[in-house]
Amino acid sequence: MKIGCMVYAVGDLYEWISECAVKSFKKYHPDIKVHHVTSENIDTFEVTKDFDTKYKGRHEVFRWAVALEIWEKYQYDKMIL
């Protein structure tokens, strides 16, 4: 089974806190690829173009679209968020 992990941490506070989660996950699950989504790389996703219109600036909904894009791109069987 092909599994991926996404840590969505957009915003200064979330990015700082998420560093610990990413390091811990990588340590205990070295066989699972971790996608750390932050303010620095959020623009690399195709769904970002529709953020203001389609998602109305709502990150709690938008993060699922980012996860779906990652899931489809890497053809994962399962995603851990």
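This is a predicted model: local features need pLDDT of at least 70, side-chain atom pairs count only at pLDDT 80 or more; totals for chains, interfaces and linings use all residues.
**Entry 1**

I searched the structure for aromatic pairs and got three. To describe each pair I need two values, since a pair of aromatic rings is described by the distance of the centres and the angle of the planes.

I took tyrosine 8 and phenylalanine 62 to begin with. Their ring centres are 6.4 Å apart and their planes stand at 70°, so I noted the pair as edge-to-face. The cut-off behind that word is a plane angle over 60 degrees. Tyrosine 8 sits in strand S1 and phenylalanine 62 in helix H3, so this pair ties together parts that are 54 residues apart in sequence. Both tyrosine 8 and phenylalanine 62 are buried.

Next I looked at phenylalanine 51 with phenylalanine 62. This aromatic pair is edge-to-face too, with 4.8 Å from centre to centre and 70° between the planes. Phenylalanine 51 belongs to helix H2 and phenylalanine 62 to helix H3, so the pair links parts that are 11 residues apart in sequence.

Are these two phenylalanines buried or exposed? Phenylalanine 51 has 16% relative accessibility and therefore counts as buried. Phenylalanine 62 has 1%, so I put it down as buried as well.

I followed phenylalanine 62 to a neighbour. Threonine 48 touches Phe62, and also Ile42 and Asp43, if I skip residues up to four places away in sequence. I found threonine 48 in the loop between S2 and helix H2 (51-54). Its side chain reaches the backbone oxygen of isoleucine 42 at 2.6 Å.

**Entry 2: the sheet**

In which order do the strands of the sheet lie? I read S2-S1-S3 for the three strands, which form an open sheet with parallel pairing. Strand S2 (33-37) and strand S3 (78-80) are the edges, each pairing on one side only. On average, neighbouring strands here are turned by 25° against each other, direction ignored.

Then I went through the pairings. Strand S1 (residues 3-8) runs parallel to S3, and three bridges join them. Isoleucine 3 has lysine 78 in S3 as its bridge partner, and cysteine 5 stands opposite isoleucine 80 in S3. S1 and S2 also pair in the parallel sense, over five bridges. There I noted methionine 6 opposite histidine 35 in S2.

How much of S1 is covered? I count it as mostly covered, with five of its six residues buried.

**Entry 3: helices against the sheet**

I checked what lies against these strands. Helix H3 (residues 59-74) lies across S1, S2 and S3, and runs at about 150° to S1. For H1 I looked at one residue, serine 18, which has its place in that helix (residues 12-28). Which residues does serine 18 contact, leaving aside its neighbours within four places in sequence? I found Val7, Ala9 and His36. With a relative accessibility of 6%, serine 18 counts as buried, because the cut-off is under 20%.

**Entry 4: the cysteines**

How many does a search of the whole structure find? The search of the whole structure gave me zero. Cysteine 5 is in none: the nearest cysteine sulfur is that of cysteine 20, and it is 13 Å away. Cysteine 20 is likewise in no disulfide, and for cysteine 20 the nearest cysteine sulfur, 13 Å away, is that of cysteine 5.

Cysteine 5 has 3% relative accessibility, so I call it buried. Cysteine 20 has 57%, so it goes down as exposed.

Methods
Residues are numbered from 1 along each chain as its sequence is written. Side-chain values use heavy atoms; hydrogens and water are left out. A disulfide is a pair of cysteine sulfur atoms within 2.5 Å. Buried means under 20% relative accessible area, exposed over 50%, partly exposed in between (1.4 Å probe, protein chains only). Helices (H or I, at least four residues) and strands (E, at least two) are DSSP runs, numbered from the N terminus. Contact means heavy atoms within 4.5 Å. Two strands pair if DSSP finds at least two bridges between them. Axes are lines fitted to C-alpha atoms, for helices over the stretch in contact, and angles run from 0 to 180 degrees between N-to-C directions. A polar contact is a pair of N or O atoms within 3.5 Å; within protein, one must be able to donate a hydrogen and the other to accept it, and residues adjacent in sequence count only if both atoms are side-chain atoms. Rings of Phe, Tyr and Trp (its six-membered ring) pair if their centres lie within 6.5 Å; planes under 30 degrees apart count as stacked, over 60 as edge-to-face and the rest as tilted.
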